[in-house]
Amino acid sequence: KICDDNGNELPIGEKGEIVVKGENIMAGYWKNPEATADTVKDGYLYTGDLGYIGKDGLLYVLGRFKSLLISADGEKYSPEGIEEAIVQLLPTIDQVMLYNNQSAYTTALIVPNKEKIIAKGIDLNTREGKLEALKAINHDLNQFKKGGTHEGMFPERWLPSSFAVLPEPFSEQNGMINSTMKMVRGKIEKAYSDRIDYLYTSEGKKFTNEKNIESI
């Protein structure tokens, strides 16, 4: 079944957390009653995945329920498909994490692909080159917006309106990537909370801000 934040079952077509039950479901986590109580309730396993059951009776999986972003009007959306598309389709971006917690717009934390940027003939050792690199990243992101190569792939309101370039990649070493190579969102948000807050200021919204110039 599909459930909302409070565990209430949702009707056909509505998006929520995928909850499953059956003989194949685990009894719980080994010697971890707290994690078990949070995951297995009344025999149902709360998967943490976002999805819905269509009118055709099929289950559609959309992403991680626990990583949902929430816009200012309360709309919830999964960032994972957008992040994957950005990394796969935009040459200047190596890693990205989107962020929106009931804010006016979505922002992005970006690890640039410096090799691809340098291959464009951009010198990252000069201020002019750094500005050119930031313009290249912004140009790539705009390919998902009106007039871009990938226009219409995602609702434009879900796309980042500002971005922060980060000084180091997400990795297992800094704890921002887990053993299954997934981003540890909570840790990333905490580590870069100041940069995220800055992205919601008039100066931070400019992609050529000083923090981005310094980081790239």
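The lining of the second largest pocket divides into ten nonpolar, three polar and five charged residues. This pocket belongs to a predicted model, and its volume is about 320 Å³. Its lining is made up of 18 residues, of which K15, L50, L68, K76 and Y77 lie nearest the centre. Two elements, β7 (76–77) and α2, each supply at least two residues of that lining. The most comes from α2, which gives three residues.

**Overall make-up**

The protein contains seven helices and eleven strands. Along its principal axes, the C-alpha trace spans about 60 × 40 × 30 Å. Of the 216 residues in the protein, 43% are buried. Where contacts join residues at least 6 apart in sequence, 53% of them link residues at least 24 apart.

**The largest pocket**

The largest pocket has a volume of about 480 Å³. It is lined by 18 residues, and E80, E83, K182, M183 and R185 are those nearest its centre. The elements that contribute two or more residues to this lining are β5 (59–64), α2 and β8. Five residues, the largest share of the lining, come from α2. By residue class, the lining of the largest pocket holds seven nonpolar, three polar and eight charged residues.

| Pocket | Volume | Lining residues | Nearest the centre |
|---|---|---|---|
| Largest | about 480 Å³ | 18 residues | E80, E83, K182, M183 and R185 |

Within α2, the residues E80, I82, E83, A85 and I86 are buried. Two of these, E80 and E83, are also among the residues nearest the centre of the largest pocket. The cover over the buried residues of α2 includes β5, β8, α4 and α5 (185–191).

P79 is found in the loop between β7 and α2. Its relative accessibility is 0%, so P79 counts as buried. Leaving out residues up to four places away in sequence, P79 touches S67, L68, L69, L98 and R185. P79 and T149 are 70 residues apart along the chain, and their C-alpha atoms are separated by 20 Å.

**Helix α4**

Helix α4 covers residues 127–141, 15 residues in total. From its first C-alpha to its last it reaches 21 Å, close to the 21 Å expected at 1.5 Å a residue. The buried residues of α4 are G129, K130, A133, L134, A136, I137, D140 and L141. Seen down the axis of α4, these buried residues fall within an arc of 155 degrees, so they line one face of the helix. E128 and K135, on the other side of α4, are exposed. The elements covering the buried residues of α4 include α2 (80–89), β8 (93–99), β10 (106–112), α3 (114–119), β11 (160–165) and α7 (210–215).

I213 lies in helix α7, and because its relative accessibility is 5%, I213 counts as buried. Beyond residues up to four places away in sequence, I213 touches R127, K130, L131, L134 and T208. Of these, K130 and L134 are among the buried residues of α4. I213 and Q173 are 40 residues apart in sequence and 25 Å apart in space, C-alpha to C-alpha.

**Two residues with positive phi**

Most residues other than glycine have a negative phi. K31 has a positive phi, near 55 degrees, and is not a glycine. K31 is located in the loop between β2 (16–20) and α1 (33–39). With 71% relative accessibility, K31 counts as exposed.

Q102 also has a positive phi, about 60 degrees, although it is not a glycine. Q102 lies in strand β9, which comprises residues 101–103. Its relative accessible area is 55%, and Q102 is therefore exposed.

Terms used. Residues are numbered from 1 along each chain as its sequence is written. This is a predicted model: local features need pLDDT of at least 70, side-chain atom pairs count only at pLDDT 80 or more; totals for chains, interfaces and linings use all residues. Side-chain values use heavy atoms; hydrogens and water are left out. Helices (H or I, at least four residues) and strands (E, at least two) are DSSP runs, numbered from the N terminus. The expected span of a helix is 1.5 Å times one less than its number of residues. Buried means under 20% relative accessible area, exposed over 50%, partly exposed in between (1.4 Å probe, protein chains only). The arc is that of the directions from the helix axis to the C-beta atoms. Contact means heavy atoms within 4.5 Å. On a 1 Å grid over the protein atoms alone, a cavity is a set of points where a 1.4 Å probe fits but cannot get out, and a pocket is an open set with protein on both sides within 12 Å along at least five of seven lines; lining residues have an atom within 4 Å of a point. Grid points are joined across faces, edges and corners, and a volume is the space filled by probe spheres set on the points. Ala, Val, Leu, Ile, Met, Phe, Trp, Tyr, Cys and Pro count as nonpolar, Asp, Glu, Lys and Arg as charged, and the others, Gly among them, as polar.
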